Amino acid sequence: MGSPHRVRALPGGARLVTESMPERHSTSVVFMFAGGSRLEDERLAGVSHFIEHLYFKGTRRRPSSKEIADAIEGVGGFINASTDKELTAYWARVPSEHTELGLDVLFDIVANSRLDPADVERERMVILEELRMYQDQPQDYVQNLFEELIWPGHPLGRDIAGTEESVSRLSRDDILEYADARYRLPNLVIGAAGSLDDDDTLALVSKGLSLREGLDGVLAALPPSPLDGPRVLIRRRETEQAHICLGARAFSYLHPDRYALDLLNTVLGEGMSSRLFLNIRERLGLAYDVHSFTQKHRDTGYLGVYIGVDPKKAVDAVNAAMAELRSLGESEVSADELARAKEFTKGRLRLELETTNGVAFWLTYQEVLLGEIKSIEEELALVDAVTAADVKRVADELLSGTMQMSVIGPFSRDSAFRLAIGA
Amino acid sequence: MAGGPAANRIRKAIALVNSVADEAGDEEVTPTEIAEAIRDCLELSEVDEVPNVRRYLGEALDAVSDGMPADFVAMTLYAALGALREGGQN
């Protein structure tokens, strides 16, 4: 990273975060709106994602998706967007001399999109296909099912893109109303990183800022209810492999033990030197793909394990994964294993921050979700401060929670799976 | 790898089930033969020394009685074998 970042207040409650990286040739600009799919009720499920798609269909100045793409690709840049559960981001990466163009296109799509009725109908078909395609990818779909178990009946447990029912039902008026309520200045953080001047960027941003102030119809993000007990959800499919996700609720991104959780996850199942990989794949030969992962939100999160396995070995592999989880709660990781996990975590973060895009996202994400920005040095120090006792304590705490497991494969009953996780 | 008498009997039962699943072998293996092989496992006190082994074997026996696919029976037997392994019955 280059010089320290700067945070500036913009009119209407928006904020600008910049970091000058003078040695780079590009600038990345991110428009990040607090919100995302967790604020949607069941009727509006998928509306944030729908809006994100529609914003690339045309604006008053650039009436088609081609003209939007041409504007950025014409200078060799990239433009894209993503909807998450707690935020929606639009971004562009351009050669630095075209920073003004990048900002102009992003301002244009978030403030002047046409939302043409014919585009709404065309995009509805695209999203419905996207939802169906997703269900044909069991490795991904099993994680969706797992999230349904982790946050039952809660928007966090739903697919970001909504359901076929909700997407089919959303009207153009629903979309306009929701966009008008969410795409307001207090919800917006603009991040920019690259070969830029902080003051020049502030001037460019101030010139383009035309969203409305204030917030109408803001929905409160309700916390998920406690889980009743361990559950297994099976989707019977005649697949060659069984796809399994198991895990338990864990910590939010505000929790003081989140760094210990990340290190636990690294030791358990990140990479080819993790315990799950070495024991379940290399030693026992039970599964081709086995790894662990975390997800963190404002008030909740989870630690999950994915296993792709021969159906005959499915329960055996689950038992072996449970044994690895239990061992983390029974004894402390060795000093060597902890040191390797720390270097892995710190190295991944440094690599992520090599690009202007990585830095712009890192800064903007923190400002939107945490309301403050830690430097990389502060973040690395928090990773370094985690002890083996912290990791063991976190493992203990997670294992005392109720395990959840989703399975896709040729299974017609769940009794053996329930036995494996004590459900 | 689990290597006690229980593990050996479970492996024998798995081999029988797999021969049905893979449609291998000259002679047809009947559900009765498979059930008998599982009952042989259940007779050993060793299966009570490790949590869940008896329960997995019981599930496997139920699956045979219920006419469940051979792959499912095999999966439950592998789970019993794995439980022995995790329980340190080497």
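A residue counts as buried when its relative accessible area is under 20%. This cut-off is applied below to a predicted model.

R275(A) has a relative accessible area of 16%, so this arginine is buried. Its partner in a salt bridge is E337(A), with the closest N and O atoms 2.8 Å apart. The two residues sit in distant parts of the chain: R275(A) belongs to helix α10 (residues 275-283) and E337(A) to helix α12 (residues 335-352), 62 residues apart. E337(A) is buried as well, because its relative accessible area is 15%.

A search over all chains finds 37 salt bridges. One of them joins R38(A) and D299(A), at 3.0 Å between the closest N and O atoms. R38(A) lies in the loop between β3 and α1 of chain A, and D299(A) in the loop between β9 and β10, so the pair ties together parts 261 residues apart in sequence. R38(A) counts as buried, at 6% relative accessibility, whereas D299(A) is partly exposed at 34%. The side chain of R38(A) also makes a polar contact of 2.8 Å with that of E86(A). Beyond its neighbours within four places in sequence, R38(A) is in contact with residues including K85(A), H154(A), P155(A), L222(A) and R298(A). Elsewhere in chain A, R61(A), R62(A), D104(A) and D108(A) are linked in a network of salt bridges.

Helix α5 of chain A covers residues 138-150. Its 13 residues reach 18 Å from the first C-alpha to the last, close to the 18 Å expected. Its buried residues include Y141(A), L145(A), F146(A) and I150(A). N144(A) and E147(A) are also among them. The cover over these buried residues includes helix α4 (117-135) and several strands of chain A, among them β7 (231-236), β8 (242-249) and β11 (404-409).

Chain B contains four helices and zero strands. Buried residues make up 51% of its 90 residues. Among contacts between residues at least 6 apart in sequence, 64% join residues at least 24 apart. The chain exposes about 4,500 Å², and carbon and sulfur atoms supply 47% of that area.

Two sites illustrate the helices of chain B. In helix α2 (residues 31-42), R39(B) and E36(B) are three residues apart, about one turn of the helix. Their side chains meet in a salt bridge of 3.6 Å, N to O. Both residues are partly exposed, R39(B) at 40% and E36(B) at 41%. A70(B) lies in helix α4 (residues 70-86). A70(B) is buried, with a relative accessible area of 17%. Leaving aside neighbours within four places in sequence, A70(B) is in contact with V17(B), V20(B) and A21(B). P31(B) is 39 residues from A70(B) in sequence and 9.3 Å away in space, C-alpha to C-alpha.

The two chains also meet each other. At their interface, 21 residues of chain B are in contact with 19 residues of chain A. The buried area is about 1,700 Å², of which carbon and sulfur atoms give 59%. Six residue pairs are in polar contact, and two salt bridges cross the interface. In one salt bridge, R85(B) meets D316(A) at 3.1 Å, N to O. On the side of chain B that touches chain A, the elements giving two or more residues are α1 (5-21), α3 (53-65) and α4. Helix α4(B) gives the most, with ten residues.

Note on methods:
Residues numbered from 1 in each chain as written. Chains lettered and ligands numbered in written order. Predicted model: local features only at pLDDT ≥ 70, side-chain atom pairs only at ≥ 80, totals over all residues. Heavy atoms only, no water. Buried < 20%, exposed > 50% of the residue type's maximum accessible area, 1.4 Å probe, protein only. Contact = heavy atoms within 4.5 Å. Areas by Shrake-Rupley, 256 points an atom, 1.4 Å probe, with all protein chains shown as cover. Expected span 1.5 Å × (residues − 1). Buried area = accessible area lost by both parts, 1.4 Å probe. Salt bridge = Lys/Arg side-chain N within 4 Å of Asp/Glu carboxyl O. Polar contact = N/O pair within 3.5 Å; in protein donor to acceptor, adjacent residues only side chain to side chain.
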